[in-house]
Amino acid sequence: MTDFGMNLLLLLLTAKLLKNSVSLKRLLAAAALGAVLHEAELLCYLKTRMRWTPLAAAVTAVLMQKTAFRLPGIRRPVKAAAIFYGISFLMAGAMQCLNPGQKRVAGCFFLTAVSSYGILLFAFRQYSRCRRKHGHIYPVRLYIGEKEFCLKGLVDTGNSLTDPWFHKPVSIVEQRALESVDEEGLKELKIHMIPYSSIGKPGGVLMGIVISRMVIEEEEGERTVEKPVLALCRERIASDGRYQMILHEDYMLD
């Protein structure tokens, strides 16, 4: 039960970092699988006196991630397993601070575990907000019809531009980055004008388009936005060319 409870808390934190929606049934199944495999390893050791702890732990962690998050292939489950063990290390440190004597009373142990979970969850959220506040550049893929455009996008908490017609958040992109879109592709887009105001230009308009979808590649995983609204800018957004679009702050909120 200790293994099961700890696995469940660690998987919940892993899901938060991966920003991966997961059902409670899959989390419970993954936590139970990890507990059963750990007990099987202990029984194997009692019979054979052979220690397979590092290998067994690694295989168990990967199987747990595949069970919980439906991650394809092997690379993504291995990455998720590494995050899982990193969180385990932090959780152990937090529990050691809250319960230095490591009392094995069930109630005290689970209270310490849940408190540590809350502390780590709060710390992760604060880190995420701080990173968004100072801005971060992400790889972004834009899909217009069958064409794919790979750009760099800066998260800007100052960009709160909203489309008055579709009532959606608006991201700003350099028009030159989409120059290869042909007339047939433009016909499929919902072209309209978006009013805006900025320092030095209290009133202006930008041409807005609605594209098929946008994929933001974050460190924890990909975030897909269906039918996003983009505002086309004729000038360079970044003088050094490090990024070609400014992402709306709403896309980065948890």
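## Overall fold

The protein chain folds into 6 helices and 9 strands, and the model you are looking at is a predicted one. Of its 254 residues, 41% count as buried.

Let's go inside. The largest nonpolar core has 29 residues, and L11, L13, F69 and M91 are those with the most contacts within it. Helices α1 (2-18), α2 (24-48), α3, α4 (75-98) and α5 (106-133) each supply at least two residues of this core. The most comes from α1, which gives 8 residues.

Leaving aside neighbours within four places in sequence, L11 is in contact with L27, A30, A31, M64, Q65, A68, F69 and F84. Apart from this core lies another, of 22 residues, which include A177, V225, M245 and L247.

## A nonpolar patch outside

In soluble globular proteins, nonpolar side chains tend to be buried together. Against that background, one spot on the surface is worth a look: L55, V59 and L63 form a nonpolar patch there, with about 250 Å² of accessible area together.

V59 belongs to helix α3, which spans residues 53-69. With a relative accessibility of 43%, V59 counts as partly exposed.

## A salt-bridge network around R141

The whole structure holds 4 salt bridges. Which residues does R141 join in one network? Salt bridges with shared partners connect R141 with E148, E217 and E222.

Taking the pairs in turn, R141 and E217 meet through their side chains at 2.6 Å, N to O. E217 sits in strand β6 (residues 213-218) and R141 in strand β1 (residues 137-144), so this pair ties together parts that are 76 residues apart in sequence. The salt bridge between R141 and E222 has an N to O distance of 3.2 Å. That pair also links distant parts of the chain, since E222 lies in strand β7 (residues 221-226), 81 residues from R141 in strand β1. For R141 and E148, the closest N and O atoms are 3.8 Å apart.

R141 is buried, at 16% relative accessibility, whereas E148 is partly exposed at 42% and E217 is partly exposed at 27%.

## Cysteines

A search of the whole structure finds 0 disulfides. C97 is exposed, with a relative accessible area of 65%, and C150 counts as exposed too, at 55%.

Conventions:
Residues numbered from 1 in each chain as written. Predicted model: local features only at pLDDT ≥ 70, side-chain atom pairs only at ≥ 80, totals over all residues. Heavy atoms only, no water. Helix = DSSP H or I, 4+ residues; strand = E, 2+ residues; numbered from the N terminus. Buried < 20%, exposed > 50% of the residue type's maximum accessible area, 1.4 Å probe, protein only. Patch = residues over 30% accessible without salt bridge, like charges linked within 9 Å, V, L, I, M, F, W, Y side chains within 5 Å. Areas by Shrake-Rupley, 256 points an atom, 1.4 Å probe, with all protein chains shown as cover. Disulfide = S-S within 2.5 Å. Core = buried A, V, L, I, M, F, W, Y, C linked by side-chain atoms within 4.5 Å. Contact = heavy atoms within 4.5 Å.
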